[in-house]
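Have a look at the sequence and the structure first, then read on.

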Amino acid sequence: AAQKLVDGLYAFNKSMDVPSMETFGIDYAAYENMVDQMATEALRSGAPGLNPNIPTKDEIIELYKKAWK
């Protein structure tokens, strides 16, 4: 069920012409250099603590890396 949701969200974004980060013009090397800082700031914001499963910094970094795709 979770994979169907993910697939559906990707299809919805494509149907709405939501650009990927790459097509939006974000440089991958610059993005990759910032994921550690972005994860630190995400944790500092407190927002991850609102999830049922609170992610670690490493898990957030992995999510950011997956989001590039």
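This is a predicted model: local features need pLDDT of at least 70, side-chain atom pairs count only at pLDDT 80 or more; totals for chains, interfaces and linings use all residues.

Let's start in the middle. Seven residues make up the largest nonpolar core: Tyr31, Val35, Ala39, Ala42, Ile60, Ile61 and Trp68. The elements that give two or more residues to this core are α2 and α3, and α2 supplies the largest share, with 4 residues.

**Inside the core**

Take Ala42, which sits in helix α2. Is Ala42 buried or exposed? Its relative accessible area is 17%, and the limit for buried is under 20%, so Ala42 counts as buried. What does Ala42 touch, once its neighbours within four places in sequence are left aside? The contacts are Ala47, Pro48, Ile60 and Tyr64. Of these, Ile60 is also listed among the core residues. Looking along the chain instead, Ala42 and Glu32 are 10 residues apart in sequence, and their C-alpha atoms are 15 Å apart in space.

Ile61 is another core member. Not counting residues up to four places away in sequence, Ile61 touches Val35, Asp36 and Ala39. Val35 and Ala39 belong to the core as well, while Asp36 turns up again below in a salt bridge.

**The aromatic rings**

There are 2 aromatic pairs in the structure. One of them is formed by Tyr31 and Trp68, with 5.3 Å centre to centre and 40° between the planes. Why is this pair called tilted? Planes under 30 degrees apart would be stacked and planes over 60 would be edge-to-face, so an angle of 40° makes the pair tilted. The pair bridges distant parts of the chain, as Tyr31 lies in helix α2 (residues 28–45) and Trp68 in helix α3 (residues 57–68), 37 residues apart. Tyr31 is buried at 9% relative accessibility, and Trp68 is buried too, at 13%. Tyr28 joins in as well: ring pairs link Tyr28, Tyr31 and Trp68 into a cluster.

**A salt bridge between the helices**

How many salt bridges does the model have? The count comes to 1 salt bridge. In it, the side chains of Asp36 and Lys57 meet at 3.1 Å, N to O. Here too the link is between distant parts of the chain: Asp36 is in helix α2 and Lys57 in helix α3, 21 residues apart. Both partners are partly exposed, with Asp36 at 41% relative accessibility and Lys57 at 28%.

**Out on the loops**

Now for the surface. Phe12, Met16 and Val18 make a nonpolar surface patch of about 310 Å². Val18 is placed in the loop between α1 (2–15) and α2, where it is partly exposed at 48% relative accessibility.

Asp17 is found in the loop between α1 and α2 too. Asp17 counts as exposed, at 66% relative accessibility. For background, most residues other than glycine have a negative phi.

The loop between α2 and α3 holds Ile54. With a relative accessible area of 56%, Ile54 is exposed. Leaving out residues up to four places away in sequence, Ile54 touches Pro48, Gly49 and Glu59. Pro48 is also in contact with Ala42. The C-alpha atoms of Ile54 and Leu43 are separated by 9.6 Å, and the two residues are 11 apart along the chain.

**Accessibility at a glance**

Here are some of the residues from above, side by side.

| Residue | Relative accessible area | Class |
|---|---|---|
| Tyr31 | 9% | buried |
| Trp68 | 13% | buried |
| Ala42 | 17% | buried |
| Lys57 | 28% | partly exposed |
| Asp36 | 41% | partly exposed |
| Val18 | 48% | partly exposed |
| Ile54 | 56% | exposed |
| Asp17 | 66% | exposed |

How values were computed: Residues are numbered from 1 along each chain as its sequence is written. Side-chain values use heavy atoms; hydrogens and water are left out. Rings of Phe, Tyr and Trp (its six-membered ring) pair if their centres lie within 6.5 Å; planes under 30 degrees apart count as stacked, over 60 as edge-to-face and the rest as tilted. Buried means under 20% relative accessible area, exposed over 50%, partly exposed in between (1.4 Å probe, protein chains only). Contact means heavy atoms within 4.5 Å. A salt bridge is a side-chain nitrogen of Lys or Arg within 4 Å of a carboxyl oxygen of Asp or Glu. A nonpolar core is a set of buried Ala, Val, Leu, Ile, Met, Phe, Trp, Tyr and Cys residues joined through side-chain atoms within 4.5 Å. Patches are made of residues with over 30% relative accessible area and no salt bridge: like charges are joined within 9 Å, nonpolar side chains (Val, Leu, Ile, Met, Phe, Trp, Tyr) within 5 Å. Accessible areas come from the Shrake-Rupley method with a 1.4 Å probe; for residues, only the protein chains shown count as cover.
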